[in-house]
Amino acid sequence: MQAQYKTFDLLLKHTFSIANFSRNHTPVVLLKLLYEGCEGFGEASMVPYLGENSETAIDFLNKVDWQNFKFPFDFKEVNAYLDSIAEGNTAVKAAIDIALNDLQGKLVEKPCYALYGAQPSAMPVTSYTLGMDTLSVIKQKLMDAQDFRAIKVKLGSADDKAIIKTIRNITQLPLYVDANQGWLDKERALDLIHWLAEQGVELVEQPMAKLDIEGNAWLTERSPIPIIADESVQRLKNISSIKGAYHGINIKLMKSTGMYEAHQMILEARKLGMKILIGCMSETSCASLAAAALAPLCDWADIDGPWLTQNNPFETPILANGKYQLTQASGLGLSSLKSGFWS
Ligand code: MG
C-alpha cells in the first residue's frame, strides 16, 4: 500500500464564531491510499480545540507502517494499531480509517453505507449551521441555506432570544440549538430551554460545561426537548461516563477516530437507549460523505461542512429535500479531485 498526503487550509465562507471562540480557516490533511489499483481517500480536519495541527498529523502519518494494512481490512485491528502508535490524534486516525473504508468499499464494489448496514431511505435531513453573528449577518447566511430543511444555531450569549426571534421572522424550519457549554446557570438555562421548545427548537447540544455532569444531568431530567452531549463525549470509552446525564450524543468522525469507532458508538448509544446526532467539523466532501454513510443509523444529521467552506477540492455532495443523496457508487462516492490538487 502506498500513501500520499497533503496539508492545506480549508477556508470558511464566513468567520465562524461560537461561545468564546472564532476562526476563519481550519488546517486539513487529505490522504490518498493506493492499493491493488484502487484509490481510497481520507481527511483529517484539525479544529484547534482538539489539539492537533498539520505538524502533529504529518508526524503521525510518517510513523504508520502502511504494509500493516491487508485487504479485507479488519477495522478493529486497524483501530488498535493506530492507538498503539500514540494516544489522542483522533482526526489523523480518522483520515486513515476513512481512506481504508473508501478502499474497502471499492475493493468489494459496495458503497460504504452498505458496509455498515445503513439504508439511504432512512437518511435524516442535515442541518445548516449558523455561528454567532450579528443579526444582519444571520439574515444574510439564511439566504445561503435554501437547500436545507433544518437550521442549527449557535447560542450562548446575551442575545440568545434575539437570535431565535430573527431566525423565526425569516423561516419556520426546525431548529437545533448548540450552546457549546455557554450557559452557566442551570435554572436560567432551563427557563431558556422551555422558551426555545415553544419556538420549535428540537434539541439542545451541550448546554453547560462538559465537566459539569451534574448540571447537564439536572437539565436532562427536566428538559422538554432532548439534551445532547458534544464536547462531553469523544470516543466509545467516554459514553459510559456520561450515561444518564444526556438524552443523546453528537458523534463526529474527527473525535471518534473515524467510521469504525463511530459505528461502535452508534451501537453502544442505542444499547443505552440514547439518541444520536451525527455532526462534522469544517470538512471537505470526503469526511462529510463518510459521516453521511452512517447518518441513516442516526436520529439527526448536521453534516454541512462542504457548504460552509470555499475551497473544497471535491464536488459538493447532492442534497434532495435537505437530505444527502447516497449513490450506488463503491466506497464513499466522492467525485474526482479538482485538477492540480497534488501539485
Ligand atoms: Mg456542538
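Me: Why does Asn68 count as partly exposed?

Reply: Good place to begin, and please keep in mind that this is a predicted model. Buried means under 20% relative accessible area and exposed means over 50%, with partly exposed in between. Asn68 has 41% relative accessibility, so it counts as partly exposed. You will find Asn68 in the loop between helix H1 (54-63) and helix H2 (75-85). Asn68 and Tyr81 are 13 residues apart in sequence, and their C-alpha atoms are 8.9 Å apart in space.

Me: What makes Ala301 count as buried?

Reply: The cut-off for buried is under 20%. Ala301 has 1% relative accessibility, so it counts as buried. This residue belongs to strand S11 (residues 300-301).

Me: Which residues is Ala301 in contact with, leaving aside its neighbours within four places in sequence?

Reply: Contact here means heavy atoms within 4.5 Å. By that rule, Ala301 is in contact with Pro124, Val125, Thr126, Ser127, Tyr176, Leu277, Ile278 and Ala295. As for Lys70, its C-alpha is 32 Å from that of Ala301, and the two are 231 residues apart in sequence.

Me: Why is Asn321 called exposed?

Reply: Exposed needs a value over 50%. Asn321 is at 60% relative accessibility, so it counts as exposed. Its place is the loop between strand S12 (319-320) and strand S13 (323-324). Asn321 also has a phi near 50 degrees, a positive value in a residue other than glycine.

Me: Is Asn180 buried or exposed?

Reply: Set its value against the 20% limit. Asn180 has 8% relative accessibility, so it counts as buried.

Me: What kind of peptide bond runs from Phe71 to Pro72?

Reply: It is cis, with omega near -5 degrees. Most peptide bonds are trans. Pro72 lies in the loop between H1 and H2.

Me: What makes a residue a donor of the magnesium ion?

Reply: For this metal, a donor is an N, O or S atom within 2.8 Å. The protein donors come from Asp178 (OD), Glu205 (OE) and Asp230 (OD), which lie 2.0 to 2.2 Å from the magnesium ion. Those distances are within the cut-off, so the atoms count as donors. Along the sequence, the donor residues are spaced D-x26-E-x24-D. Distant parts of the chain are linked here, since Asp178 in strand S6 and Asp230 in the loop between strand S8 (227-229) and helix H9 (239-242) are 52 residues apart. Both Asp178 and Asp230 are buried.

Me: How do you know that the largest pocket lies between the two domains?

Reply: Look at who lines it. Domain 1 (2-109) and domain 2 (114-324) both give residues to the lining, so the largest pocket lies between them. The centres of these domains, taken over C-alpha atoms, are 22 Å apart. There is contact too, with 39 residues of domain 1 touching 41 residues of domain 2.

Me: How much space lies in the largest pocket, and what lines it?

Reply: About 600 Å³ of space lies in the largest pocket. It is lined by 32 residues, and the closest to its centre are Ile18, Tyr49, Lys154, Asn180 and Lys252. Strand S1 (2-18) gives the most to the lining, with four residues. By class, the lining has twelve nonpolar, seven polar and 13 charged residues.

Me: What about the second largest pocket?

Reply: About 350 Å³ of space lies there. Of its 14 lining residues, the closest to the centre are Ser157, Asp160, Trp183, Arg188 and Leu192. Helix H7 supplies the largest share of the lining, five residues. The lining divides into six nonpolar, three polar and five charged residues.

Conventions: Residues are numbered from 1 along each chain as its sequence is written. This is a predicted model: local features need pLDDT of at least 70, side-chain atom pairs count only at pLDDT 80 or more; totals for chains, interfaces and linings use all residues. Side-chain values use heavy atoms; hydrogens and water are left out. Donors are N, O and S atoms within 2.8 Å of the metal (3.2 Å for Na, K and Ca); water is not among the atoms, so sites may look incomplete. Helices (H or I, at least four residues) and strands (E, at least two) are DSSP runs, numbered from the N terminus. Buried means under 20% relative accessible area, exposed over 50%, partly exposed in between (1.4 Å probe, protein chains only). On a 1 Å grid over the protein atoms alone, a cavity is a set of points where a 1.4 Å probe fits but cannot get out, and a pocket is an open set with protein on both sides within 12 Å along at least five of seven lines; lining residues have an atom within 4 Å of a point. Grid points are joined across faces, edges and corners, and a volume is the space filled by probe spheres set on the points. Ala, Val, Leu, Ile, Met, Phe, Trp, Tyr, Cys and Pro count as nonpolar, Asp, Glu, Lys and Arg as charged, and the others, Gly among them, as polar. Domain bounds come from an automatic or database domain assignment.
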